[in-house]
Amino acid sequence: MILSVQNITKAFGTDVIVSNASFHIEDREKAAIVGINGAGKTTILRMIAGDLHPDDGVISISRGKTLGYLAQHQDVNSTASIYEELLSVKRDLLDMEQDLRRMEVKMKQLSSREPISEGGQFAQEAPAALQSEYTLLMERYNRISTEFENRNGYAVESEVVGVLKGLGFSEGEFDKPICTLSGGQKTRVALGKLLLTKPDILLLDEPTNHLDLNSIAWLENYLMNYDRAVLIVAHDRYFLNRVVKKIIELDNGHVRTFDGDYTAYAQKKAQLRETEWKAYLNQQQEIRHQEEVIRRLKSFNREKSVKRAESRMKMLDKMDVLEKPSEVRADMHLRFSPQVISGNDVLKAEHLSKSYSANVLFTDLNFSIRRGERVALIGDNGTGKTTILKIVNGLEQADAGRLTTGSRVQIGYYDQEHQQLHMEKTLFEEISDIYPDMTETGIRSVLASFLFTGDDVYKRVGDLSGGERGRLALARLMLSKANFLILDEPTNHLDITSKEILEEAVSNYTGTVFYVSHDRYFINQTATRILELKDQRLTQYIGNYDYYLEKSEELSHSGTEPAAVKTEQPQSSSKEDWARRKEEQAQKRRLLNELKRTEEQISALEARDRELDQLLSQEETFTNVEQCTRLTQEKADLTGELEQLYEKWEELSEQEARNCCG
């Protein structure tokens, strides 16, 4: 155990953030803390890092172990360049290398003053003092040289360059002064420095913020191969699935630990929640029943009845009442419903080009979107993804090309910067000014569905947090009743629960969706088609993010780009794929139904077999030759039938396992 957190409690005023929480991290273990926004995840990291102190409890780190902490926001104003800033982490190795070079010069000077015999030693006639100085210098040189090599000193510069490129910095940016960088770039620099220090315990608070997909994939591989402990706070579920093997859940101040990745945690959590709710509801039903019995007994107004009522009351008072579980998704209530159905052809882009001065984003882009599709546009930062969405929405003009929207298409736009919101207005005004026919009750009801209740509706939009503005923008989008949603990073600032609600709303939406997102889990759950913008052109993948990864990896290994992937596939191909998937799903359902029927038959026959054993053991049976013979024959027939069913069950189970693994 490298890190131990025992019974810690932390409150700010009367607001208890963490209550009696305990967990531990083993050496080389990768774990994540999850919970809704405001649950206290960052607070726990800050207490472990020593920036905050718990009100109660103990946090212990193994003796001699180092700890590194990446906060969400960095305030670095160094005049050093990006490259120099990261290289400074390896200052001791750089100093060691300079020391080695100085010793080499010194040894060369000493050797030039007196003859050297074979084997690198001074000749016997050399002065003893000179021999002693040279020997000591050589010993020190060998010792430092060995340490330098063991610490991979000769690869320092290539290691720094590798980390910088992995985090998305181009070589042309290496010389940029830190003080001129954006907040996101500073965070990437801080992350790079932290990775290069290689602490024994790595604490990362939202490390994937400000990283593009390639950089996130690089960080995943880095952390998966990191031979020390990692504790992460992140909303990127795909990232968590790839990196961590333990989930530490923080819910209403309480901590619960789950082994496995995020998906395993979500499944176990759902099962636990269902069990807890059943237990709670059953107990509440029992309490209501007992209270009704007590009321009736008292109403009889007889001494015996009153005593029985009092006895039941005492039993009720001693009952360990279960705490009501938190509501499943007691958050946003989001549902997109188009007011009118669009035509089949929703959008067609032909020969689109866009540049900003000498910066060419893309040229000669061609793509189309049909009704009901959910198309994800992915690519590195700065390739022009958001620009494409703005061109489609009429907020930017293409330099060349034509854009055509289909009949009855009504666009609803979600802007990641929330520039369409009016910062000076209240939340109530933001809705009422756009939808003047809505009643106050209706507006309050919608805002409450997005967690804005009571006097919250009179807050200024400009005073809201990023997550709150995101929820308000989604409320506006829901009210628009649009049939073509254009979403620019819709999951930014949302906690995991809110992301899941948005995923469900997008998946159930009967209109068309075109979006940009870095959230690979969101893409995987919602996309029916992916367009990758790379090297100023688009490549199409008909499927979700897992399919995109599989196909793009195949292409990179083969070095080819099949036309079926590179170019627009005909709609008939998409229909064939859809039909094939539906048939596969139907076959799986038939298999599962057959397996269930077989299990039910086995269960019924086994029950009859036990019943026969009981009958045959009774005296009235085994003394009755005719009945005993009949039951014995039935048992023999049943045994044979069971053997056949067992074989059938085994065959079906193997087939199901092959389907799952395939």
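What does the protein average in pLDDT, and what share of the residues score at least 70? This is a predicted model, and the average pLDDT is 86, with 89% of the residues at 70 or above. One stretch to flag is residues 562-572, where the pLDDT is below 50. In the model that stretch still has 20 contacts beyond its near neighbours in sequence.

Six strands make up an open sheet, and the order across it is β5-β6-β7-β3-β8-β9. The pairing is mixed. At the edges stand β5 and β9, the latter covering residues 254-259. Each of these two has a single partner strand, so one side of each has no neighbour in the sheet. On average, neighbouring strands here are turned by 15° against each other, with direction ignored.

Strand β6, residues 201-205, and strand β7, residues 229-233, run parallel and are joined by 5 bridges. One of the residues to look at is Leu203, whose bridge partner in β7 is Leu231.

Arg63 sits in the loop between β4, residues 56-61, and β5, residues 67-70. Is Arg63 buried or exposed? Its relative accessibility is 84%, and because the cut-off for exposed is over 50%, Arg63 counts as exposed. Arg63 can also be placed relative to Ile2: the two are 61 residues apart in sequence, and their C-alpha atoms are 8.7 Å apart in space.

That is the end of my part.

Methods:
Residues numbered from 1 in each chain as written. Predicted model: local features only at pLDDT ≥ 70, side-chain atom pairs only at ≥ 80, totals over all residues. Heavy atoms only, no water. pLDDT = per-residue confidence, 0-100. Contact = heavy atoms within 4.5 Å. Helix = DSSP H or I, 4+ residues; strand = E, 2+ residues; numbered from the N terminus. Buried < 20%, exposed > 50% of the residue type's maximum accessible area, 1.4 Å probe, protein only. Pairing = 2+ DSSP bridges. Axes fitted to C-alpha atoms, helices over the stretch in contact; angles between N-to-C directions.
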